Amino acid sequence: MLEVSGKEAKAQYPDDSMIVDDFIWALKDACRTRYKKALNDPAPLKAETHFFLSKDRMSAYACVLPPENDGDGLTLEKFMEDMYCEGIHYGVLQEEIPQEFALGYLHIFPAARGKPFQTGEDGKVTELFQRRKNMGLEVQNGSEVDFTEGAQLQPIKKGGVICLIRPPRAGTDGMDVTGQEIPSPQTVSAFVPQGKNTVIGRGGQALIARVDGILYIENDRFCIHEQKIIDGDLDQFQGTLQISGNLYIGGNVDGGVDIQASGDIIINGKVGRARVMSTNGTIRVQQGIHGTDGETFITAACQVQSPMMEWARIEAGTSVIAEVILNSIIRCGGTVYAMSGRGMIADSQIQAGDSVLCMRIGNLAGGRSQFSVGYPPHIPELWKKLKADVANVQSTFEKLWEPITALRKKGTRISDEEEALLEQLVEQRDLCTEKRKSLAAELKAVNKTLDKKSRGRIRCEKLYPALDVQIGRSTEEITTIEENCNIHVEENRILLK
């Protein structure tokens, strides 16, 4: 009878199969004990309720054993009282028990079910931007700039959402059939990567930008390098746009606008007719400088970077990095690089404090370029100017000497007008003498700088004429096609290889 009832219970509640099997073993043992007692003692044995709890106390099963020796039966009320006394208080199957109880003795059925705890959800952070490191624009050499990849920067406006934050959701505690609480596992908040210039907003559900700027990751936290952000093109601004700090322009710059920033300037589009100046940083123009002769000026305290530079006047405190330079005037304190892409410089004037490194100079159409390398850009210019000034002063001095000599020869026969003229000529001569001394001192200082050995050079794989080269006081005109050039100076002579 117990086996049949147990089989039915397991069929109806397959997840409780092990509980039912264990209960059957306990019931069989109880039946054997009652049977022996009834044989040895003819006194009546009333019906007896047995309960069985699962190991986790989340289920309680019941079975009523029949009376022996004409003992009393068991009422439903007595069954419920017995269950209460056994400590089964929670999850009692009030509706099902009367039906199950009515099926009689040796019937196995569930009497109570506990409530399992409901697991909550840990907090979660969804990042809406890539984790890019803080990248300075200035690089050590031209090979470190890849214009095809773009400036790997992430501009963001004040109030922009960086991360979505889902707060933790607590679970629900459970309870076993004895009324013991089963706590739900503790949920935890997610780590929010909040760094410099970011705040938690929107009721704690978002990490947002506190300022305009460039987003980057540092020490596993999102930070913002404060920077003025201009979306789209800038071509209608009247006057001078002055920015304290860094500036990011998402589009093109044209229309004769004048821009000044104290920090780095990034222009994600092109530059046309404009003046752009960074007083303390680097300028990067992502899609090229396509200027207008005499109307495009780019000036940076550090570097200027752009894949194309044409019809522009460019000044950089350190170096200039490009892929193509055409019809432009370049001045920089360091090196001019054109080592990627076409790597070409043509029809341009370059003054570089260090060197010019490129793949190609000139093109099949001809033209002429002028390169001065190896010394601060102003030094060769100043040397030429001082030499010319000295020559002019000397010429003036010599022109004054002849009339002064002629007037002095007259001695006492000189007229009052001639004497006044002589005084003027002598005064002019004395001024020329002082000017000549001053120029000589300046020229001596410049020559001292030029006497220092220069490491400046011009390297290229292919050179098309014509190219005028100046390294210090040495000059050379190259009028032939050359290959694998390493133009430098040795013993005041310019060598091509």
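This is a predicted model: local features need pLDDT of at least 70, side-chain atom pairs count only at pLDDT 80 or more; totals for chains, interfaces and linings use all residues.
Start with the overall form. The protein chain has six helices and 37 strands. Its radius of gyration is 48 Å, well over the 23 Å that the globule rule gives for 497 residues, so the chain is more spread out than a compact globule. The C-alpha trace spans about 180 × 50 × 40 Å along its principal axes. Of the 497 residues, 44% are buried. Among contacts with a separation of 6 or more, 44% join residues 24 or more positions apart. The accessible surface comes to about 26800 Å². Carbon and sulfur atoms hold 48% of that surface.

Helix H1 covers residues 2-12, and its buried residues are Leu2, Ser5, Gly6 and Ala9. These cover an arc of only 100° around the axis, which puts them on the same side of H1. A general rule of helix geometry applies here. An α-helix has 3.6 residues a turn, so residues three or four places apart point the same way. Lys7 and Ala11 are exposed on the other side of H1. The cover over the buried residues of H1 includes H2 and S2.

Phe79, Asp82 and Met83 are buried in H3. Seen down the helix axis, the buried residues fall within an arc of 100°, so they line one face of H3. The face turned away from them carries the exposed residues Glu77, Tyr84 and Cys85. What do the buried residues of H3 pack against? Their partners are strand S1 (48-53), strand S2 (59-65), helix H4 (96-101) and strand S3 (109-113). Just after H3, glycine 87 takes a positive phi of about 85°.

Next come the loops. Proline 44 lies between helix H2 (17-40) and S1. Its relative accessibility is 55%, so proline 44 counts as exposed. Proline 44 still has partners elsewhere in the sequence. Leaving out residues up to four places away, proline 44 touches Glu68, Asn69, Asp70 and Gly71. The C-alpha atoms of proline 44 and asparagine 69 are separated by 4.5 Å, although the two are 25 residues apart along the chain.

Threonine 187 sits in the loop between strand S8 (181-182) and strand S9 (198-201). Is threonine 187 buried or exposed? Its relative accessible area is 17%, so threonine 187 is buried. With residues up to four places away left out, threonine 187 touches Gly120, Glu121, Asp122, Pro168, Arg169 and Ala170.

Some backbone details remain. Leucine 106, in the loop between H4 and S3, has a phi near 60°, a positive value in a residue other than glycine. At 18% relative accessibility, leucine 106 counts as buried. Glutamate 491 also has a positive phi, near 50°. Glutamate 491 lies in the loop between strand S36 (482-490) and strand S37 (493-495). Its relative accessibility is 77%, so glutamate 491 counts as exposed.

Finally, look at the peptide bond between proline 465 and alanine 466. That bond is cis, with omega about 5°. Alanine 466 belongs to the loop between strand S33 (458-463) and strand S34 (467-471).

Notes. Residues are numbered from 1 along each chain as its sequence is written. Side-chain values use heavy atoms; hydrogens and water are left out. Helices (H or I, at least four residues) and strands (E, at least two) are DSSP runs, numbered from the N terminus. The radius of gyration is taken over C-alpha atoms; the globule rule is 2.2 Å times the number of residues to the power 0.38. Buried means under 20% relative accessible area, exposed over 50%, partly exposed in between (1.4 Å probe, protein chains only). Contact means heavy atoms within 4.5 Å. Accessible areas come from the Shrake-Rupley method with a 1.4 Å probe; for residues, only the protein chains shown count as cover. The arc is that of the directions from the helix axis to the C-beta atoms.
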